[in-house]
Amino acid sequence: MKQYPFLDLALTNAPYMAELKAAACEVIERGRYLHSQQTELLEQEIAALCQVRHCITVSNGLDALRLILRAYKELGLLHDGDEIIVPANTYVASVLAVSDNGLTPVLCDIREDTMNLDSSLLEGLITERTRAVMPVHLYGTPCCDPTLLQTAREHNLLIIEDNAQAIGAVSDTTGLHGTNVTGGLGHAAGMSFYPTKNLGALGDGGAVLTNDDTLAATVRALANYGSDRRYHNIYQGYNCRLDEIQAAMLRVKLRFLGEDNVIRNTVACTYNECITNPRVKTPVIFEGMQQTWHQYVVRVEQRDAFRTFLADNGVGTDIHYAIPPHKQPCYSDLRHASLPLTERLADEVVSLPIAHPIMPDDARAIANIINRF
């Protein structure tokens with residue numbers, strides 16, 4: 001029986017192995033392991049891809065969001081207790097970044113088709129303390145529409161994108177600065193290079209994206225002990241730097257990102273075409289968008305039985321995410337409105353294999369298994 005693992009990072013990185021090894025050796029032999037050529041070039045390349053002026057590489061995706069919010073506090077645009085609207089259907093890191101900065105997360109329910117924040121609900125959540133909204137481009141589907149942009153303009157809200165899962169995605173709505181590319185739609189964006197991401201490091205990493213020169217300079221200083229130059233600390237900062245070897249790894253894989261995203265899209269389309277089991281609800285493929293399919297997520301009411309059936313037939317699966325942030329023990333006191341869709345999805349979502357080496361023929365074979373469930 002052929003096996004279809006959900007994700008095998010050794011197999012995912014195998015096509016680039018020779019180039020990854022060469023890039024690592026080059027950094028080792030060069031003898032500069034922080035703040036050098038590879039990091040600078042990666043920042044330029046990511047900024048160009050996402051059509052923004054500034055990319056500041058940092059230690060991970062959570063730190064990217066934390067640094068953005070902390071920088072806005074240093075600049076006087078956010079203050080302790082201010083409210084940030086966050087989608088309820090997200091990884092907990094989106095919420096952690098808010099509460100870690102002494103800010104108040106306010107959870108918003110989602111749209112059923114995108115599984116992303118429902119912008120039509122924003123008006124009902126805005127109070128005199130609301131200062132920002134954090135759209136999360138979950139699973140690689142852009143979260144930006146005219147209602148979100150208009151609401152933010154009318155209430156003078158910052159738009160801080162969580163772009164951890166959507167590098168290379170393109171929205172059908174133009175953002176604040178004239179681009180449709182996620183990461184450049186709002187005032188700032190946080191990215192993650194966690195190894196499982198479409199653009200994944202061989203360790204951890206992240207980045208902050210923005211067109212705001214002052215915000216960029218503040219984030220860069222905060223990420224480097226709060227210093228604007230050597231031994232001169234203008235903030236009580238952090239150590240949140242990306243190292244040269246990870247930058248080199250990411251530069252190798254960045255060259256193949258567009259091709260990999262095309263393959264993922266083809267696999268997603270194949271799944272949608274071939275899965276005909278009425279007990280399995282497939283995700284929506286949106287015309288006019290470029291989704292990156294960081295995850296391909298179906299919905300099944302009999303989830304445990306479904307996953308067991310697939311495992312017995314050689315197909316690995318995962319759940320993103322089984323417990324939403326407001327159900328986590330650390331947020332037991334989090335104030336929120338009714339979140340029916342988020343809670344229903346948490347009981348139904350199943351992620352199918354989509355990362356390399358999964359190809360369209362594999363998706364057809366997996367779909368045939370699913371259709372027997």
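Trainee: How much space lies in the largest pocket?
Mentor: The largest pocket holds about 480 Å³ of space. A pocket here is an open set of points on a 1 Å grid over the protein atoms alone, where a 1.4 Å probe fits, with protein on both sides within 12 Å along at least five of seven lines. The volume is the space filled by probe spheres set on the points, which are joined across faces, edges and corners.

Trainee: Which residues are closest to its centre?
Mentor: Tyr-91, Ser-192, Tyr-194, Lys-197 and Tyr-321 are the closest, out of 30 lining residues; a lining residue has an atom within 4 Å of a point. Helix 4, helix 5 and strand 6 (188-192) each give two or more residues to the lining. Helices (H or I, at least four residues) and strands (E, at least two) are DSSP runs, numbered from the N terminus.

Trainee: What should I keep in mind about the source?
Mentor: This is a predicted model, in which local features need pLDDT of at least 70 and side-chain atom pairs count only at pLDDT 80 or more, while totals for chains, interfaces and linings use all residues. Residues are numbered from 1 along each chain as its sequence is written, and side-chain values use heavy atoms, with hydrogens and water left out.

Trainee: On to the core, then. Which residues of the largest nonpolar core touch the most other members?
Mentor: They are Leu-69, Tyr-72, Ile-84, Met-134 and Ile-160, in a core of 36 residues. Such a core is a set of buried Ala, Val, Leu, Ile, Met, Phe, Trp, Tyr and Cys residues joined through side-chain atoms within 4.5 Å, where buried means under 20% relative accessible area with a 1.4 Å probe, protein chains only. Helix 4 (61-74) is among the elements that supply at least two residues, and its seven residues are the largest share of this core.

Trainee: What does Tyr-72 touch?
Mentor: Leaving aside residues up to four places away in sequence, Tyr-72 touches Leu-77, Leu-78, Leu-158, Ile-160, His-187, Ala-188 and Leu-215, with contact meaning heavy atoms within 4.5 Å.

Trainee: And strand 4: how many bridges join it to strand 5?
Mentor: Two bridges join these parallel strands, and Val-133 has Ile-159 as its bridge partner in strand 5. Strands pair if DSSP finds at least two bridges between them. Strand 4 (residues 130-133) also pairs with strand 2 (residues 83-87), in the parallel sense over three bridges.

Terms used: Buried means under 20% relative accessible area, exposed over 50%, partly exposed in between (1.4 Å probe, protein chains only).
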